[in-house]
Amino acid sequence: MTIPIPKNESRRLKVLWQYDVLDTVPEEVFDDLTELAAYICEAPVALICLVDEDRQWFKSRVGVTIKETARDISFCAHAILRQGLFIVPDATKDPRFRNNPLVTGPQKIRFYAGAPLITPDGQALGTLCVLDKKPRSLRPQQEQALRVLAHHVVSQLELRRHARELQQVRVNRREQQSELGRAKAEIVRLRQKLTRFEKMKRPGTLARARR
């Protein structure tokens, strides 16, 4: 299958990797948002999906056990190409997906709705999406809820990144303070050595030293 690639793909991937979230352990705040999306949209499957270079990885998942799939069969790879919701009412009738192994295989995906996870600088990292094994649609209130929840996912990713950056700043500060302490100690040692040397250079000290 041909993977749809965003025009800003290199920049998008760079931003995604800066969040340092791929392959991290489950986190309750993201699981809560995924479960809420599944509940509101009355869907058996909900995912927080991050689209990497050649795979889609699930930060959180409801209704599936797999942690990732190849990008070339990903519905989310299409969803990140747009700003709004990407909805596939019946994948068997959509030429982009009717031969997709996620549709023809045991997963039997029929319905997909994904809200892109758009960062403050406009990069789509992935989606918050819901899936079903039967053709269907979302009510307007459900569509709006999915958009709002996707926004909250991005907010949590931002908070997570800022917390990590703040921790790194603290680590760097401690290392700088430790290095400064070592430098001060070395300066004191050199001063003491210089003082002893200066005393040795005094005439009286040299005379006594020769006796």
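Predicted model: local features only at pLDDT ≥ 70, side-chain atom pairs only at ≥ 80, totals over all residues.
Guide: Helices (H or I, at least four residues) and strands (E, at least two) are DSSP runs, numbered from the N terminus.

Visitor: Which way does β1 run against β2?

Guide: Strand β1 (residues 45-51) and β2 run antiparallel, joined by six bridges; strands pair if DSSP finds at least two bridges between them. They form a hairpin with three residues between them, and Val51 stands opposite Gln56 in β2.

Visitor: And how many bridges link β2 to β3?

Guide: Three bridges link β2 to strand β3 (residues 68-70), again in the antiparallel sense. Trp57 stands opposite Glu68 in β3. Five residues lie between the strands of this hairpin, in which Gly63 takes a positive phi near 90°.

Visitor: Why is β2 described as largely enclosed?

Guide: Strand β2 (residues 55-62) has six of its eight residues buried, so it is largely enclosed by the rest of the structure. Buried means under 20% relative accessible area (1.4 Å probe, protein chains only), exposed over 50%, and partly exposed in between. Across the chain of 211 residues, 41% count as buried.

Visitor: How many residues of β5 are buried?

Guide: Seven of its eight residues are buried, and β5 is mostly covered.

Visitor: What pairs with it, then?

Guide: Strand β4 (residues 86-88) pairs with β5 over three bridges in the antiparallel sense, with Phe86 opposite Gly114 in β5. Seven bridges join β5 to β6, also in the antiparallel sense, and Gly114 stands opposite Cys129 in β6. The hairpin of β5 and β6 has five residues between the strands, and Gly122 in the turn has a positive phi of about 90°.

Visitor: Changing topic: which residues have the most contacts inside the largest nonpolar core?

Guide: Leu50, Leu117, Leu128, Val130, Leu146 and Val153 have the most contacts inside this core of 31 residues. Such a core is a set of buried Ala, Val, Leu, Ile, Met, Phe, Trp, Tyr and Cys residues joined through side-chain atoms within 4.5 Å.

Visitor: Which elements give two or more residues to this core?

Guide: They are α1 (9-18), α2 (28-40), β1, β5 (111-118), β6 (124-132) and α5 (140-201). Of these, α5 gives the most, with six residues. Another core, of 21 residues, lies apart from it and includes Val51, Ile73, Cys76 and Leu102.

Visitor: Last one: which residues lie nearest the centre of the largest pocket?

Guide: Val45, Val64, Gln107, Ile109 and Leu131 lie nearest the centre, among the 19 residues that line the largest pocket. On a 1 Å grid over the protein atoms alone, a pocket is an open set of points where a 1.4 Å probe fits, with protein on both sides within 12 Å along at least five of seven lines; lining residues have an atom within 4 Å of a point.

Visitor: Which strand gives the most to that lining?

Guide: Strand β6 gives the most, with three residues. Each of β1, β2 and β6 supplies at least two residues of the lining.

Methods:
Residues numbered from 1 in each chain as written. Heavy atoms only, no water.
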